[in-house]
Amino acid sequence: MSPLSPAKRWSGTLCGAAAGLAVLVLLSSWSWPAVAAVAVGGPAGDLVESLVKRGAGVKDSGQWLAGAGGLLDRVDSLVGALAVVVVLG
């Protein structure tokens, strides 16, 4: 999908977006800012975090949850989605 993170695939991005949109429907939280946050902000946050880690030359972004990318790797999509909701909301 991107040289920033060669292991990421479009199929994973699309399936993640579909799952997130399904959750929005189930929670009756469907709005255009929420849809954009899930479909665009989440993957963008993940890629930006990968860019930062590659720039720093590290595999994990912290000691918490070492081996799983670090704590930031668990919330990077949420941070990207939050930024989109704040801008559009």
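H2 and H3 sit oblique to each other, a label left for angles that are not under 35 degrees (roughly parallel), over 145 (roughly antiparallel) or 65 to 115 (roughly perpendicular). This is a predicted model, so local features need pLDDT of at least 70 and side-chain atom pairs count only at pLDDT 80 or more, while totals for chains, interfaces and linings use all residues. Residues are numbered from 1 along each chain as its sequence is written, and side-chain values use heavy atoms, with hydrogens and water left out.

The axes of helix H2 (residues 32-56) and helix H3 (residues 71-88) come within 6 Å and cross at roughly 135°. Here an axis is a line fitted to C-alpha atoms, for helices over the stretch in contact, and angles run from 0 to 180 degrees between N-to-C directions. The crossing of H2 past H3 is right-handed, meaning that the near helix is turned clockwise from the far one by less than a right angle. On the H2 side, the contact (heavy atoms within 4.5 Å) is made by Pro33, Ala36, Ala37, Gly41, Gly42, Gly45, Asp46, Glu49 and Lys53. H3 brings Leu72, Asp73, Asp76, Ser77, Gly80, Ala81, Val84, Val85 and Leu88. Sorted by class, that makes eight nonpolar, five polar and five charged residues; Ala, Val, Leu, Ile, Met, Phe, Trp, Tyr, Cys and Pro count as nonpolar, Asp, Glu, Lys and Arg as charged, and the others, Gly among them, as polar.

One of the H2 residues in this contact, aspartate 46, counts as buried at 17% relative accessibility. The cut-offs are under 20% relative accessible area for buried and over 50% for exposed, with partly exposed in between (1.4 Å probe, protein chains only). Setting aside neighbours within four places in sequence, aspartate 46 touches Lys8, Asp73, Asp76 and Ser77.

Serine 28 belongs to the loop between helix H1 (10-26) and H2. Its phi is positive, about 55°, although serine 28 is not a glycine. This residue is exposed, with a relative accessible area of 66%.

Buried residues make up 28% of the 89 residues. Of the contacts with a separation of 6 or more, 49% come from residues 24 or more positions apart. The chain exposes about 5,800 Å², with carbon and sulfur atoms supplying 73% of it; accessible areas come from the Shrake-Rupley method with a 1.4 Å probe, and for residues only the protein chains shown count as cover.

Key
Helices (H or I, at least four residues) and strands (E, at least two) are DSSP runs, numbered from the N terminus.
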